[in-house]
Amino acid sequence: MSHGVSVEIPETRYAKTLDGGYIAYKLFGDSNDQEIAIIGSIATNIELFFDFEPAARSWLELASFSRLSLHDRRGTGLSDDMCGLPNLETRAADLLAVLDAAGQRRPTLLASADGGMVAALLAATHPDRVAGLVWFFAQARSVKADGWPYGRDPDEVDRLAQEAEHAWGTEAFVRQMYAHAEIGDDTIRFLARLQRHACGPATAVGFIRLLHEYDVREILSTLRTPVLALGTKGYPNEWVVEQAQATAALIPGAACKSLPASASRLWAPAVIEATFDFCGIERPPPELDSILSTVLFTDIVGSAEKQAVLGDHGWKELVLHHHAIVRDALGRWRGAENDT
């Protein structure tokens, strides 16, 4: 991994839940000053993340300045499903179990979409355990409703659920699920693979349909935790940014920031930069380990014909003259001759 970030990946651990299941998590870093816990929104597999360089680089960069945890939500990846899809309260209890097992006393929560709902619920019920919340794709409710003209259309959610029954884990489904996001082909291939390694189609359908029920508007006014709501530009009518702004307006003292369209995933550099700023982490300037250089190739045009006309002696003089011109330029511009 570049940028001086360690490549050592710790083993997966397990946190026991209140109902006897186990949540898979990884714990990075040894800093006691900063703690960060990541809560994703989509089905994940925490071991597969580190096969994808952009995500791995971001998690490891955060871990180089903090004690960092990330986990698979119940029913996905390496975590138990415990015979049923979890509501937000159960997921918040699972998150608390992970924090306890990881020894994270009061981390900043870096969460995405409905993962941010879980984080907000934990902050409301256990304010002593949450230092702050960076909420990417902040949404007080997942789908549109009376008094909430933001989020996905309910009919669109139903169509996604129907499509997931036969297309879950395909690149076509990823493109449909994130139709307006600025995502490259490599990321689409990774997200499709991540879905296949996270859960099966029936579980995915259940999670997608749960979006109808996800709503934390009533609890947001009780938060006394610092919150940064993030919305990404580039969506039709800028509904993602407006959704983040409306969510932040429900939280006392919350700030809101708009990110460029390229910030389409939780591991996007703009999200990581915002997290560093929110946590007050000052990174040292990068070490300059590269220089700008030029490789120059020269040739005598029509060399075969010129050698025939000039003869061996004349050709030799021409070549020596050519070398002298090149070496004079190398001397003046601090160049190096590699071959002739």
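Entry 1: I looked up the surface first: the chain exposes about 17,500 Å², and carbon and sulfur atoms supply 51% of it. The areas come from the Shrake-Rupley method with a 1.4 Å probe. The model is a predicted one, where local features need pLDDT of at least 70, side-chain atom pairs count only at pLDDT 80 or more, and totals for chains, interfaces and linings use all residues. Residues are numbered from 1 along each chain as its sequence is written, and side-chain values use heavy atoms, with hydrogens and water left out.

**Entry 2: the chain as a whole.** I found 11 helices and eight strands in the chain; helices (H or I, at least four residues) and strands (E, at least two) are DSSP runs, numbered from the N terminus. The chain is more spread out than a compact globule, because its radius of gyration is 27 Å, well over the 20 Å that the globule rule gives for 340 residues. That radius is taken over C-alpha atoms, and the rule is 2.2 Å times the number of residues to the power 0.38. I noted that the C-alpha trace spans about 90 × 45 × 35 Å along its principal axes. Buried residues (under 20% relative accessible area, 1.4 Å probe, protein chains only) make up 48% of the 340 residues.

**Entry 3: Gln104.** I then turned to Gln104, in the loop between α2 (88-102) and β5 (108-112). Gln104 is buried, with a relative accessible area of 1%. Its side chain reaches the backbone oxygen of Arg67 at 3.0 Å. Leaving out residues up to four places away in sequence, I listed what Gln104 touches (heavy atoms within 4.5 Å): among them are Leu27, Glu35, Leu68 and Arg129.

Conventions: Buried means under 20% relative accessible area, exposed over 50%, partly exposed in between (1.4 Å probe, protein chains only). A polar contact is a pair of N or O atoms within 3.5 Å; within protein, one must be able to donate a hydrogen and the other to accept it, and residues adjacent in sequence count only if both atoms are side-chain atoms.
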